[in-house]
Amino acid sequence: MAQKFFNIFCVMLLVMISGCSFFAPPTQNIYINGTPADATVIVNGNTVQIPAVLEVPRNKNLTIIAHKKGFKPYSSTTGYSLSTIGVLDAVGCWLLLLPGAGLIAPGAWELMNDNFYYVLTPEKTDTATVSQ
């Protein structure tokens, strides 16, 4: 009888610790701000107003572009890497195999950068005049 309860406990424990990344949120917040504040800011193809706090997928690359007439454009791309929960799933996979399933969940990943501040610099204008 005790052996049966022990076996049930072990199975329940394996199910509970398998794939913790499935329980992590699939998105994360990013913060964007910069100068000049009236620049056009595009995040993965969508125009946003700054300052902005956006919820974006954890497991997708992120591209931010800021531009304004008379200024040099700004562009930044960030990738993603394994999150702490993803690392725990990977270690658990090595020990028990079941948690490895969590590595396919978005919660196993996190963006490498979640805080963006751009500064657009004015384009240099050629003020030299041609003498005749």
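In which segment does Met-1 lie?

A: Met-1 lies in the segment before helix 1 (2-17); helices (H or I, at least four residues) and strands (E, at least two) are DSSP runs numbered from the N terminus. The model is predicted, so local features need pLDDT of at least 70 and side-chain atom pairs 80 or more, while totals for chains, interfaces and linings use all residues. Residues are numbered from 1 along each chain as its sequence is written, and side-chain values use heavy atoms, leaving out hydrogens and water.

With a relative accessible area of 73%, Met-1 is exposed (over 50%; buried is under 20%, partly exposed in between; 1.4 Å probe, protein chains only).

The protein as a whole has two helices and nine strands, in the order α-β-β-β-β-β-β-β-α-β-β along the sequence. Of its 132 residues, 28% are buried. The protein exposes about 9000 Å², and 63% of that comes from carbon and sulfur atoms. Among contacts (heavy atoms within 4.5 Å) between residues at least 6 apart in sequence, 68% join residues at least 24 apart.

Now the rings. The count comes to two aromatic pairs (Phe, Tyr or six-membered Trp ring centres within 6.5 Å; planes under 30 degrees apart are stacked, over 60 edge-to-face, the rest tilted). Tyr-74 and Tyr-118 form a tilted pair, because their ring centres are 5.9 Å apart and their planes stand at 40°. This pair links distant parts of the chain, with Tyr-74 in strand 6 (residues 74-78) and Tyr-118 in strand 9 (residues 115-119), 44 residues apart. Tyr-118 counts as buried, at 1% relative accessibility.

Tyr-80 and Trp-109 form an edge-to-face pair, since their ring centres are 5.7 Å apart and their planes meet at 85°. Tyr-80 belongs to strand 7 (residues 80-82) and Trp-109 to strand 8 (residues 109-111), so the pair ties together parts 29 residues apart in sequence. Tyr-80 counts as partly exposed at 35% relative accessibility. Trp-109 is partly exposed, with a relative accessible area of 22%.

Note on methods. Areas by Shrake-Rupley, 256 points an atom, 1.4 Å probe, with all protein chains shown as cover.
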